[in-house]
Amino acid sequence: MTKLAIVYHSGYGHTRRVAESVLAGAAGVPGTEAQAIAIDPEGHLPAGGWEALAAADAIVFGSPTYMGSVSWQFKRFADASSKPWYGQAWKDKLAAGFTNSASINGDKGSTIAYLVTLAMQHGMLWVGTGMLPANAKAAQRNDVNWLAGSTGALAQSPSDASVEEMLPGDLETARLFGARVAEQARRLGA
């Protein structure tokens, strides 16, 4: 059984919904046990969170993009990960990441780059989306990977949009991304 953990922070619920889609995709891959671990408003993991990450074969990081980077709560978690870093506890685990912001661009690339750097600090192996962008003239906003994420899954929700108003194309992108990470973990025997 491949174990996959999604550790994320969500300020207003939008990133949580992306995490749920990643989870649904990963859980749909036979032989995968997937769980989501929410970082609380103070930047802490719930009881058993660190142990779940230690037991995982693959860890997917998720954070909203605030002011061009991860939320401070996610950063607090990342800084606290220096303890497993010191013991190289996550070395050679698979890693992946996703983000959501209010703007179409919103400097999401900076957030994904931060997540890649965190994974590289831990000696992890990064898994990108493996998806082509929806960039033809006929492309529609609800197409899979319309935001053209290659390094990580991207979602966008206007600042005045409720969680229920998130676009199906972004959520489907996240679901397919979760399945890809789980498939890679299974394929590599992680």
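Predicted model: local features only at pLDDT ≥ 70, side-chain atom pairs only at ≥ 80, totals over all residues.

Guide: Residues are numbered from 1 along each chain as its sequence is written, and side-chain values use heavy atoms, with hydrogens and water left out.

Visitor: At what angle do helix α1 and helix α6 pack?

Guide: Helices are DSSP runs of H or I with at least four residues, and strands are runs of E with at least two, numbered from the N terminus. Axes are lines fitted to C-alpha atoms, for helices over the stretch in contact, and angles run from 0 to 180 degrees between N-to-C directions. Here α1 (residues 14-27) and α6 (residues 168-187) pack at about 45°, with their axes 6 Å apart.

Visitor: How are α3 and α5 placed to each other?

Guide: Angles under 35 degrees count as roughly parallel, over 145 as roughly antiparallel, 65 to 115 as roughly perpendicular and the rest as oblique. The axes of α3 (residues 72-80) and α5 (residues 108-121) come within 11 Å and cross at roughly 10°, and α3 and α5 are therefore roughly parallel to each other. Contact means heavy atoms within 4.5 Å, and Phe74, Lys75 and Ala78 of α3 make it with Tyr114, Leu115 and Leu118 of α5.

Visitor: Which residues lie nearest the centre of the largest pocket?

Guide: On a 1 Å grid over the protein atoms alone, a pocket is an open set of points where a 1.4 Å probe fits, with protein on both sides within 12 Å along at least five of seven lines, and lining residues have an atom within 4 Å of a point. The largest pocket is lined by 14 residues, and Tyr12, His14, Tyr66, Asn100 and Ala102 lie nearest its centre. Two or more lining residues come from each of α1 and β4 (94-101).
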